[in-house]
Amino acid sequence: MKIAVTGLNATDNPGPGVPVIRSLKMAKDFQGSIIGLAYDSLDPGIYMEGLVEKAYIIPYPSGGLEPLLERIKLIHEKEKLDLIIPTLDSELYGFVKLQPKLNQMGIKLFLPTLEQLNIRAKDNLFKFCEDNQIKVPKNFLVSSLHDLYLLSSKIKYPAVVKGIFYEAYIVNNFEEAEHSFNKLSAKWGYPIIIQEYLKGDEFNVVGLGDGTGRTVGAVPMRKLYITDKGKGWAGITIDDKTIIDLSKKIIEKTKWKSGLELEYIKSSETGEYFLLEINPRFPAWVYLAPSAGQNMPYALVKLAYGESVETFSSFKVGTIFVRSSWDLISDIKTFEQIAAIGEISI
Amino acid sequence: MSTKKRYERPIITKYQSGLMNKFGSGPSAKAKTSIDEVAVSKLVEEYGSPLFVMSERQLRNNQQNAIRIFRTRYPKVQFAWSYKTNYLNAVCSVFHQEGSLAEVVSEFEYDKAKLLGIKGSNIIFNGPDKSRAALQKAIKDNAKIHIDHFDELYEIIDLCNSENLKANVAIRVNMDVGVYPLWDRFGFNYENGEAWQAIKRIMSEKSLKLTGLHTHIGTYMMTAEAYRIAASKLASLANSIKREFDIKLDYIDMGGGFASNNTLIGQYLPAEQIIPSMEQYADAISSGMFEMNATGSDLPALILETGRALVDNAGYLITTVLANKRLSTGRRAIIIDAGVNILFTSFWYKHKISPAQESGVHVEDSSLYGPLCMNIDLIRESILLPAVKKGEHLVIEDVGAYAMTQWMQFITMRPNVVMIMQDGTVELIRKSEALNYILDRELLPKQLKLK
Amino acid sequence: MVNFIIPENIAISESGFLFLAGTGETFTLNQIGKEIFNLIRSKSSEEEIINSIVNDYDIDKATAHKDFADFISQLKHYSILKEA
């Protein structure tokens, strides 16, 4: 079994590739090898000993599907891949579109459908939640500074300004909103989301849906430490039936297929959970799930192979992850190999 | 004689983290040596550069495909070719041969369609600018007049009454479909009851026959759902009309606005990955349409005025490299002979641009400038291109929509447009302009004549 | 005739990977770029290099000249070579 995993960028804004691979390797009956697919020669996953057997550089999805497919074909010829697990948001549309072609080549995928990707797209989430009585913060979509200006009477500060793909800023007045709008639109395009700011604690759930509405696994986590980029740097699994039931409802209503991360905020005023985001892939902290007893990445592999997977019924509450920085030492030769040739055997 | 190695410019690329890597290096490195099996070099040799090329095969494929997709979802489907998107006679004729009506938004376009041989009853007359004379002509021709505002409605009533005419009319309706910006400057608003008011006014006039309802919710719509909402709002209007006045409409015109494969500037992912497919648009529209209280032959026809999505990928612009330059920052700049005056769409699209000859695999981040002596003449701020020499060609793809109607004559003449026919022959469909084309229109006062 | 000097602590590998040991910057060169780099290093003059290119590759002298000049300006821009 040869599995290719993307998102080896275990940086301060980490991709989930490395923890997904670690999860697979943790499974007792996992027999297979892992190929890393990286976008940058300096993706840390390439330099971690014993993580991947080989690593290949692939072109960014923003460069178009044709070159990405060409590159995968070339890698497939050498490696005979059985399965690809894309782990980054921005890749998913591309892989969903490429799915028929990849399947034809004999490569399996276990991805959300296009409709599911669209439901979770930040601009549609509001409506989905409204239809299903799930609480969300108030949202406005803006596509120009003019729109933003027109909204100024409706926005209460502080507010959150979010990019359509990534990044969010808390703003305290119109000028700050304008500044963040410009910054985010230049980077991620339109529309920009202006969201009501809710006071409370952040809780996240990693989950896996099998596509029928069933929740194969769901592990909730409270962030213990949040970096200035808003990333969880430490977290702990919690015992709260409400958040699990809410997550199961979302997976059921969307008939979610593949891994996902649900981000919530628990209002400090009312104690209710508000859904902030559905991320259509495992989070970078997914390694916490197998450590607490629910190996969802491995379950995803089994689902991709068409095997039946039992629903995880429990997990160990109080399991903690603490992220760390760890310098990997390498040599210019390794860097040259990956930068100039684009592939490397580890 | 020994064979020499294929030459490629020497290139050095600095490694920078986070930038595009060269593996699978962009689609731009792949050569587009021919269009519909006709060599680009041959086209330039015969018709010059820059050169617009239309593909008859692609046009027909697009139209037939769209008809098939919509007819498998809704029983009565009629396309109307959106003249403003591309009104070259050859292009319009292909669509008319495929069964399309003409959709025009000005008297100029109306006359153009008539001259091409289209009957008035097969012309949809849209837009906010219809002169009294134009309206009179359209009414007499039995054209489908889509009323944009009350002033126009009263003008038509007045015309019909004073000249004892009968007019077939529809109204354009604007509405909130959850998409910004709201196109409420065209037509009558649905939510505030203006549309219903216009309908009642029409129904009270014996000289007017209400034949349909029309909407056009926007352009380059990235969500199919908006069309479902729009169709269901028109369906609900149609239901009210049936209930109140007991009449069946001939058609519901859902307008156009489907996105093409071009990626907008400021859009992170390429369009191919995020725009809805024609099937998704069709699913959305038909599911909204079926909210009508009618079945079988009582259902009105569904008219579509799709322009961009049917013509964009059938158009190419071949251009020639005039010079390679280094900017003061060390950045590479390429100057080509096609500027923003003939490729307006480069202001909002990241067109796909490929070299027309094999050029090696090393690509370099470059800026692509047009030939105009103006700073705004930028075809692309940043594009990965392999080394291209002076005199070599680039092919700019997906330029079939708007480029050939919004282009302007500026410091030089507009170039030839050819069509590659289905049988592989090449036909000139618009001759490049000559100096006389401009001078014929100019008048020089006697006292300004130079001795 | 102008000749160019490449500092000793700049290394280029078979694959065209170039490492500036003094600054830690890295670059990639295409095949012909690598050949030119090596010719400069072996102290060939501009004229000799261009002759060698025209000899080996399917290219006219004027173009070779123009591209060579552009390449040199790039190398200078990155402080990879100095004029002698």
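Mentor: Start with Arg414(B) and Glu433(B), whose side chains meet in a salt bridge at 2.6 Å, N to O. This is a predicted model, in which local features need pLDDT of at least 70 and side-chain atom pairs count only at pLDDT 80 or more, while totals for chains, interfaces and linings use all residues. Residues are numbered from 1 along each chain as its sequence is written, chains are lettered from A and ligands numbered from 1 in the order in which they are written, and side-chain values use heavy atoms, with hydrogens and water left out.

Trainee: Why is the pair Arg414(B) and Glu433(B) called a salt bridge?
Mentor: The term asks for a side-chain nitrogen of Lys or Arg within 4 Å of a carboxyl oxygen of Asp or Glu. Arg414(B) and Glu433(B) are 2.6 Å apart, N to O, so the pair meets the rule.

Trainee: What makes Arg414(B) and Glu433(B) buried or exposed?
Mentor: Buried means under 20% relative accessible area, exposed over 50%, and partly exposed in between, with a 1.4 Å probe and protein chains only. Arg414(B) has 13%, so it is buried. Glu433(B) has 7%, so it is buried too.

Trainee: How do you know whether Arg132(B) is buried, partly exposed or exposed?
Mentor: Its relative accessible area is 34%, so Arg132(B) is partly exposed. Glu155(B), at 26%, also counts as partly exposed. The side chains of Arg132(B) and Glu155(B) meet in a salt bridge of 2.8 Å, N to O. Arg132(B) lies in helix H5 and Glu155(B) in helix H6 of chain B, so the pair ties together parts 23 residues apart in sequence. Helices (H or I, at least four residues) and strands (E, at least two) are DSSP runs, numbered from the N terminus.

Trainee: What makes Glu79(A) and Lys54(A) a salt bridge?
Mentor: Their closest N and O atoms are 3.4 Å apart. The pair links distant parts of the chain, with Glu79(A) in helix H3 and Lys54(A) in strand S3 of chain A, 25 residues apart. Glu79(A) is at 6%, and therefore buried; Lys54(A) is at 16%, and therefore buried.

Trainee: How many residues of chain C are in contact with chain B?
Mentor: Contact means heavy atoms within 4.5 Å. By that rule, 28 residues of chain C are in contact with 19 residues of chain B.

Trainee: What is the area buried between chain C and chain B?
Mentor: Buried area is the accessible area (1.4 Å probe) that two parts lose on being put together, summed over both. For chain C and chain B it is about 2100 Å², of which carbon and sulfur atoms give 56%. Four salt bridges are found across this interface. One of them joins Lys14(B) and Glu25(C), the closest N and O atoms being 2.7 Å apart.

Trainee: Why is Lys352(B) with Glu66(A) called a salt bridge?
Mentor: The closest N and O atoms are 3.9 Å apart, and the cut-off is 4 Å, so the pair counts. One salt bridge is found across the interface of chain B and chain A.

Trainee: Why does Leu101(B) count as buried?
Mentor: Its relative accessibility is 9%, so Leu101(B) falls in the buried class. Leu101(B) is in strand S6 of chain B.
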